[in-house]
Amino acid sequence: MDLKNIKTFSIRDKVRLLKERGTYLVTRISQNYYIKLYSYKGMYFEVWSSSHLPWYDIAKVKLLEDFRQLGPYLPSDFFARK
């Protein structure tokens with residue numbers, strides 16, 4: 001798989017790549033979703049799945065393109081100026 005075009009991969013291909021080669025980091029929970037954070041080759045991805053049917057009802061796979069998008073996974077004062 002050519003990672004230059006990862007945004008064009010299907011959800012199924014992204015999930016397969018992350019499950020087979022990515023590193024699972026953490027899960028957070030929103031009102032209706034489990035959001036699993038993975039890293040792969042220096043990139044971070046969120047896998048959004050239904051809280052009712054995890055892994056069977058994946059809504060989206062989101063590439064986090066900016067470090068600040070990791071905010072929900074970091075201490076609340078991480079980005080505070082010192």
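**Figure 1. Pairing of strands β1 and β2 in the predicted model.** Strands β1 and β2 run antiparallel and are joined by six bridges. The structure shown is a predicted model. A hairpin is formed by these two strands, with three residues between them. One of the paired positions is Arg-28, whose bridge partner in β2 is Ile-35. Strand β2 is mostly covered, as six of its eight residues are buried.

**Figure 2. The hairpin of strands β2 and β3.** Eight bridges connect β2 and β3, and the pairing is antiparallel. Two residues lie between the strands of this hairpin, in which Lys-41 adopts a positive phi near 50°. Tyr-40 belongs to strand β2, and its bridge partner in β3 is Met-43. Is Tyr-40 buried or exposed? With a relative accessible area of 10%, Tyr-40 is buried, because buried means under 20% relative accessible area. The C-alpha atom of Tyr-40 is separated by 9.1 Å from that of Tyr-24, and the two residues are 16 apart along the chain.

Figure 3. Strands pair through backbone hydrogen bonds, in either a parallel or an antiparallel manner. In this model, four strands form an open sheet in the order β1-β2-β3-β4, and the pairing is antiparallel. The pairing of β3 with β4 is antiparallel and extends over six bridges. Within this pair, Phe-45 has Leu-63 of β4 as its bridge partner.

**Figure 4. The helix and the sheet.** The chain contains one helix and four strands, which follow the pattern α-β-β-β-β along the sequence. Helix α1 (residues 11-21) lies across β1, β2 (33-40), β3 and β4. The helix runs at about 70° to β4. Buried residues account for 29% of the 82 residues in the chain. Among contacts with a separation of 6 or more, 23% are between residues 24 or more positions apart.

Figure 5. Side chains of opposite charge can pair when their charged atoms come close. Here, Glu-46 forms a salt bridge with Arg-28, and the closest N and O atoms are 3.1 Å apart. The pair links distant parts of the chain, since Glu-46 is in strand β3 and Arg-28 in strand β1, 18 residues apart. Glu-46 counts as buried at 2% relative accessibility, whereas Arg-28 is partly exposed, with a relative accessible area of 25%.

Figure 6. The chain has three salt bridges in its total count. One of them joins the side chains of Lys-7 and Glu-65, with an N to O distance of 2.9 Å. Which parts of the chain does this pair tie together? Lys-7 lies in the segment before α1 and Glu-65 in the segment after β4, so the pair ties together parts that are 58 residues apart in sequence. Lys-7 is exposed, with a relative accessible area of 54%, and Glu-65 counts as exposed at 57% relative accessibility. Another salt bridge connects Arg-16 with Asp-13, whose closest N and O atoms are 2.9 Å apart. Both Arg-16 and Asp-13 lie in helix α1, three residues apart, which is about one turn of the helix. Arg-16 is partly exposed, with a relative accessible area of 35%, and Asp-13 counts as partly exposed at 25% relative accessibility.

Figure 7. Tyr-24, Leu-25, Val-26 and Tyr-44 make a nonpolar surface patch of about 330 Å². Strand β1 (residues 23-29) contributes three residues, the largest share of this patch. Tyr-44 is located in strand β3 (residues 43-50). At 31% relative accessibility, Tyr-44 counts as partly exposed. The chain as a whole exposes about 6000 Å², of which carbon and sulfur atoms supply 49%.

Note on methods: Residues are numbered from 1 along each chain as its sequence is written. This is a predicted model: local features need pLDDT of at least 70, side-chain atom pairs count only at pLDDT 80 or more; totals for chains, interfaces and linings use all residues. Side-chain values use heavy atoms; hydrogens and water are left out. Patches are made of residues with over 30% relative accessible area and no salt bridge: like charges are joined within 9 Å, nonpolar side chains (Val, Leu, Ile, Met, Phe, Trp, Tyr) within 5 Å. Accessible areas come from the Shrake-Rupley method with a 1.4 Å probe; for residues, only the protein chains shown count as cover. A salt bridge is a side-chain nitrogen of Lys or Arg within 4 Å of a carboxyl oxygen of Asp or Glu. Buried means under 20% relative accessible area, exposed over 50%, partly exposed in between (1.4 Å probe, protein chains only). Two strands pair if DSSP finds at least two bridges between them. Contact means heavy atoms within 4.5 Å. Axes are lines fitted to C-alpha atoms, for helices over the stretch in contact, and angles run from 0 to 180 degrees between N-to-C directions.
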